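Trainee: Please take one part of this model and go through it closely. I would like the pairing of the strands first, and then what surrounds it.

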Amino acid sequence: MNNSLGNYEYINAKLKARIGNIRESKLEEELMKAGGVVEAVGALREHGFEEAAVAYDKTGDMQMVELSLLKQMVQDYKSIQSQISSMPKSIVEVTLTKIELDNVKSALRLWYSSAVHHRAITYRTSYLLNGKLVNNIHLMGIVNALSFDQIIEAVANTWYEPIMRMYSFSQIEDNGLFDLESSLDRGWYQLMNQANARLKGEDKTVATQMFKTEVDLKNLLMLIRYGWFHQMDGEKLQGLLYPYGSVYRNSKVKDYLNEDKKKRNAEALLHTWYPELSQMVKEKGIVNDKLVPMIEQTRMVEHFLVEKRRGLALKGLSGNPFTIGIALAYFYFKEAQYNMICGLLGAKYYGIDSAENKGMF
Amino acid sequence: MSLFTEDMRMITAVVLEESSDEVIKALLQLGALDFVRITGLSADQMAKLSHKNPNMNKTGIIDMRHRIDTLFRQGGLSKPNSDLLDVKMMTRFELKDYRAFLDKLSRTLSSLKDQQKSFSQLEQSYKEIHHYLDEGHSEYIEIHVGKIQGSIDNLRKRLNEYSALVAENNGIVSTMSLRRDSENINKALDAFSWTESEESEIQKIGSDTVKEFLDAQIVEAEERKAELEKQVSAKINEQQKSLLEMWCNLRLHELSDQIRSYFSYTKNTTLFSGWVPAKLSEAVEAAIYEASNGMCVIDWTEINEAPPETIPVSMKSPRVLSPFAELVKNYGTPAYGSVNPIPFVAVAYLTMFLLMFADIGQGIVIFLIAFLVERGYKKNPDKKDGIIPRSATRLIEYIGIVAALGGIVFGSNFGYPTPFRPLWFSFHNVVEGTPVPGTPVQNVYDILKISVIYGIVVIFVGLLINWVNLVRRKEFITMIFDRQGLCGGAMYATGIYMGFQYTATGFKSLPSDPWITPVLLIGAFGLLLKEPLLYIQKKRNGREVPKLGSFIGSVIMDWVLELLETFTGYLSNTLSFFRVAGYGIAHVSLMAAFEVLAEMPGEHTVWGILILVFGNVLVIALEGLSSGIQALRLNYYEFFTKFFNGTGIAYSPVSLHSKDQ
C-alpha cells in the first residue's frame with residue numbers, strides 16, 4: 001500500500017468530516033442570536049460542547065468555559081497525534097506546543113502583574129491549562145516566582161529556557177513582556193520550521209507552503225500594525241519579523257523599514273503581494289479624518305489577511321487528500337472555531353449586539 | 001394498511017377573507033392538506049389574485065423559539081414538542097413583548113450567574129492555596145500568627161483583594177496568603193500594627209486554625225456556588241408555564257403563516273388548494289365548511305384530471321412497520337399509485353437477516369440492547385443519539401427477534417448447537433461436516449443453493465410488483481418488452497432453468513430443451529421492440545420524438561447494451577444472494593473458532609469463558625452490523641431496482657406535527 005495512503009486514509013477522512021461539521025455548523029449563528037450569555041452557553045450544548053456548558057453551569061464563569069473548550073481542543077489534537085504515523089506527529093506536537101506557549105505566556109503575564117505591578121492575581125491562575133502538554137513546564141513555578149531565575153528554573157531543559165535566559169527581571173520591569181513574548185513566538189516558528197524540514201515528499205511541500213504563506217501574512221500584519229499604525233522603529237521591527245518566507249527577504253520590506261517611520265507607505269508595500277488589498281486601503285484612505293481611517297485600514301488589512309489564511313486552509317482541503325495538509329487545515333478550522341466561540345461569548349457577556357458581532361467576527 | 005399508495009384528491013376552496021384565519025386554524029388542527037399554489041387560471045384571473053406577507057417575521061419567530069428551547073435545556077427541562085400544540089392556544093402577540101420577556105429573564109439569570117462566578121473565583125483562590133498545602137509547596141504560602149491592633153473585620157476587608165485568609169482563636173490572629181503577595185500583605189499587616197508571635201505553640205495553633213478556616217471557606221464557597229446553580233434552574237422552572245405558552249403560540253403562528261403563504265386573495269375572498277388522502281376528504285370539507293360558517297365553495301379534482309407526477313404519495317402502514325417505512329423513505333418515494341413496498345421490504349429484510357444471523361442467545365442480546373437504548377431515549381427525549389440512533393432501535397429489536405427465531409430454525413445458541421432439534425436443519429452440523437443423515441441439507445453447497453433460490457424468489461417478487469405497477473399505470477409496452485418486464489422475466493426464468501439443469505449434470509452440459517432457444521430469442525427480440533413501439537406511441541400522442549435516423553442508431557446500440565445488462569445484471573443480482581449463505585456460514589465458523597480457542601486453556605476455565613464472551617460480543621457487534629447492512633444492500637440493489645420508481649413526491653401536509661426547522 002502507498003505509504004501516504006496508509007498513513008492518512010483513515011485519519012484524513014475523519015478530519016475532513018469534522019471540518020465539514022465545523023463549516024456547516026450553525027453554532028456561530030445561534031451564538032449571535034442568543035439573548036445573553038446563559039442562552040449562548042445553552043447553544044453550545046447542541047454542538048458538541050457539553051463539557052464547556054457544564055463548566056458554566058457549575059461556575060458561572062466564562063473563562064472557565066474557555067478553559068474547558070481549550071482542554072477539549074487539546075484532547076482532540078492528542079487523539080489525532082495518536083492516530084497518525086511517526087513522522088508527521090512532530091507537526092501535531094508543534095501545534096500542541098503553540099497552545100502550550102500561549103499558556104506559558106498567560107502564566108508570564110500573571111507573574112508580571114503580580115511581581116512587577118504588585119497586583120493580586122488570586123483566582124486567575126485557575127484559568128491556566130494545567131498538566132503536561134508537550135514539555136515539562138512548572139506553570140505554578142512561573143506564577144509564584146519571586147525572582148526571574150525561578151522562572152528559568154520552571155522551564156528548565158525545554159526550548160523556552162535559552163530564550164528566557166536572554167532576559168532579566170530588570171529588562172522586563174523596564175520594557176514589559178512584549179520582547180520576551182515576541183522572542184518566544186519566533187522560537188515557536190523556528191520549531192515549526194524544523195518540524196517541516198523533517199517531513200518528506202508531498203507532506204513537506206504542503207506543510208512548507210502553508211508555513212511560508214502564514215509567516216508572510218504574519219510578517220505583513222506586523223509591518224502594517226507596528227510599522228505603519230504604531231510607527232515602530234525600523235530596527236526593532238526588523239527584529240520582530242519571523243525570518244522565513246518571501247516577505248522577510250524582500251528588498252521592499254527593507255526599504256519600508258529604513259524609511260522615515262512617519263512616511264512609510266503601507267499601500268505600496270501591500271501592492272507587492274496583494275494589489276487588490278492595496279487598492280482597498282487606498283480607497284479607505286480618502287476620508288479626511290486621519291486617525292479613524294488608519295484604524296479602519298489596519299483592521300481591513302488584518303481582516304483581509306485572516307481571510308487569506310482561511311483561503312489557504314481551504315486550499316489545503318482541496319489538494320491531495322493523503323497529506324498532512326488536511327490535518328493542518330483541521331487545526332486551522334478548529335482554532336478559528338475556538339476563537340469564534342470565545343469571541344462571541346465575550347461579546348454576549350459585555351452586551352455587544354449581534355450586528356456588531358458580525359462585524360467583529 | 002393499503003397494498004398500494006393511498007388514493008388522493010385535490011381540493012380547491014374559496015372562502016370569505018374574514019373567515020380565512022378560522023379556516024387556517026381548522027386545517028392546521030386537521031393536518032391533512034398538502035398545499036399547492038393556485039395555478040391553471042387564465043392570465044387575467046391570475047392577475048386578480050394577490051398574496052399576503054406573513055403576519056410575523058418567520059426568522060424572528062424561529063429564533064425566539066430556539067431561545068426558549070435553550071432556556072429549557074439550561075433549566076434541565078425537556079424541550080417543548082408538538083404534542084403540546086393545540087390551535088385553541090393561539091393568541092395574538094407582539095414579538096417585541098416576547099423578546100422583552102426573554103431578555104428580562106436572561107438578565108436575571110446572568111445576574112445570578114455573575115454572583116455564582118464571584119463564589120467560584122473565591123473558591124478557586126482558596127483552592128490554589130489548598131493545592132499548594134496538599135502538594136507540599138509551602139514555599140508559595142505565607143502564614144502569620146500574632147496580634148493586631150484594630151478590628152479583624154477591617155483587616156479581612158483590607159486583605160480580601162488578595163484572597164488572604166484571616167482567622168481568630170482566643171485573640172490570636174492568623175493569616176494565610178500567597179508569598180507572591182507578601183509585599184502587599186505585609187504593608188496591610190503593618191497598618192494594623194501586627195506583632196508576630198514568637199511562641200511555637202501559638203504558631204502551631206494559629207496555623208491549624210487558619211487551615212481549618214481555609215477548609216471551611218472552600219466548603220462555604222462551594223455550597224453558595226451550588227445554591228446559585230440551583231437558583232438559575234429554579235428561575236427557569238418558575239417561568240416554565242409562560243415559556244411553554246410562548247413556545248406553543250410561536251409555533252402555531254409559524255405553521256399558520258406557512259399555510260397562509262399558499263393562500264391567494266381576491267378583493268373579498270381567499271383561495272387555496274391542496275392534496276388530501278381520499279379517505280380524509282370528507283373531514284377536510286366539513287372542517288372548512290364549519291370554520292367558514294358555510295360561506296365557502298369547494299371543488300374536488302380527481303386524480304385522473306391531474307398529471308400523475310404532480311400527485312403526492314402517501315404510504316400507509318401499521319405502526320409496527322414504521323422502521324421499514326423509514327428504510328423505504330431513505331431510498332426514495334415511489335410513483336403515485338404503485339404498490340406500497342413497505343410490507344415487502346419488511347418481509348425481505350427480516351428473512352435476509354434471519355438467514356445471515358441465526359442465533360437464539362445473540363438475538364435476545366441484540367433485542368435487549370435495543371430495548372434498553374429505546375427506553376433510555378424515551379426517558380430522556382432530549383438525549384442526543386448515541387452509537388445506536390433512536391430511529392434504529394425498533395429495527396434492531398426486530399432483527400434481534402428474528403435472529404432468535406433463526407436460532408430455533410437452524411439450532412444455534414450463543415454459537416453452540418441447541419440441545420433440541422432445529423426446526424429445519426442444523427447449520428453447525430452442516431458447516432462442521434457432520435450433517436444429520438436423511439435431512440435435506442447435507443453440505444455448504446446445499447446452503448448456497450438455498451440462498452440462490454431465496455434470491456430468485458426475491459427477484460421474482462420484485463418483478464411481479466413491477467408488472468403490477470406498470471399495469472396500473474397502463475404502461476403495457478414497458479411491461480411486456482422491458483428488461484424488468486415479461487421479456488426480461490422470461491429470459492431470467494429460462495436462465496435459471498438452464499443454470500439448475502447445468503448444476504444437476506455436475507456442471508457438464510447445458511440443457512437442450514427445444515423451447516429454450518425460441519424463448520431466449522423472443523425475449524431478446526422483444527427488448528429490441530420496446531423503444532420503437534414507445535416511439536410510435538409517442539408520435540401518435542403528438543409528443544416530441546427524435547429524428548428517425550439517429551433514433552434507429554441509438555435503438556440498436558441501446559439494445560446491445562440492454563442485452564448485455566440483462567444477462568450480466570440478472571446473473572450478478574442472483575449471485576449476490578450468495579452473501580446470505582456466506583454470512584450464515586461465517587457466523588457458525590467464527591463461533592466454532594472461538595469455541596476451539598475457549599477450550600485451549602482447559603475445559604470450563606475462567607479464560608475459556610472470557611474468550612467465549614468476547615467471541616459473542618465480537619460476533620454480535622461486527623457480524624450483526626454487517627448482516628444488517630448486507631440485508632439493506634440486497635433490498636436496495638437487488639430488490640428495489642426491479643420495481644422501485646423513485647419519482648414520486650412525498651405527501652407532506654402542514655400539520656401541528658410538521659417537521660421543525
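Mentor: In strand β5(B), S177(B) is the bridge partner of E142(B). Helices (H or I, at least four residues) and strands (E, at least two) are DSSP runs, numbered from the N terminus. The model is predicted: local features need pLDDT of at least 70, side-chain atom pairs count only at pLDDT 80 or more, and totals for chains, interfaces and linings use all residues. Residues are numbered from 1 along each chain as its sequence is written, while chains are lettered from A and ligands numbered from 1 in the order in which they are written.

Strands β3 (residues 141-147) and β5 (residues 172-178) of chain B run antiparallel to each other, joined over 6 bridges; two strands count as paired if DSSP finds at least two bridges between them. Helix α5 (residues 152-159) of chain B packs on the sheet and touches β4 and β5 of chain B. The direction of α5 makes about 160 degrees with that of β4(B). For such angles, axes are lines fitted to C-alpha atoms, for helices over the stretch in contact, and the angles run from 0 to 180 degrees between N-to-C directions. Contact here requires C-beta atoms, placed from the backbone, to lie within 7 Å.

The sheet is open and has 4 strands in the order β4-β5-β3-β6 (chain B), with antiparallel pairing. At its edges are β4 (165-169) and β6 (195-196) of chain B, each pairing on one side only.

Chain B as a whole has 21 helices and 13 strands. Its radius of gyration is 38 Å, whereas a compact globule of 661 residues would have one near 26 Å; the value is taken over C-alpha atoms, and the globule rule is 2.2 Å times the number of residues to the power 0.38. Along the principal axes, the C-alpha atoms of chain B fill a box of roughly 125 × 90 × 50 Å. Among contacts in chain B between residues at least 6 apart in sequence, 79% join residues at least 24 apart.

Chain B also touches chain A, with 35 residues from chain B and 26 residues from chain A in the contact. On the chain B side, α3 (58-74), α4 (95-135), α6 (182-191) and α7 (200-238) each supply at least two residues. The largest share, 15 residues, comes from α4(B).

How values were computed. Two residues are in contact if their C-beta atoms, placed from the backbone, lie within 7 Å.
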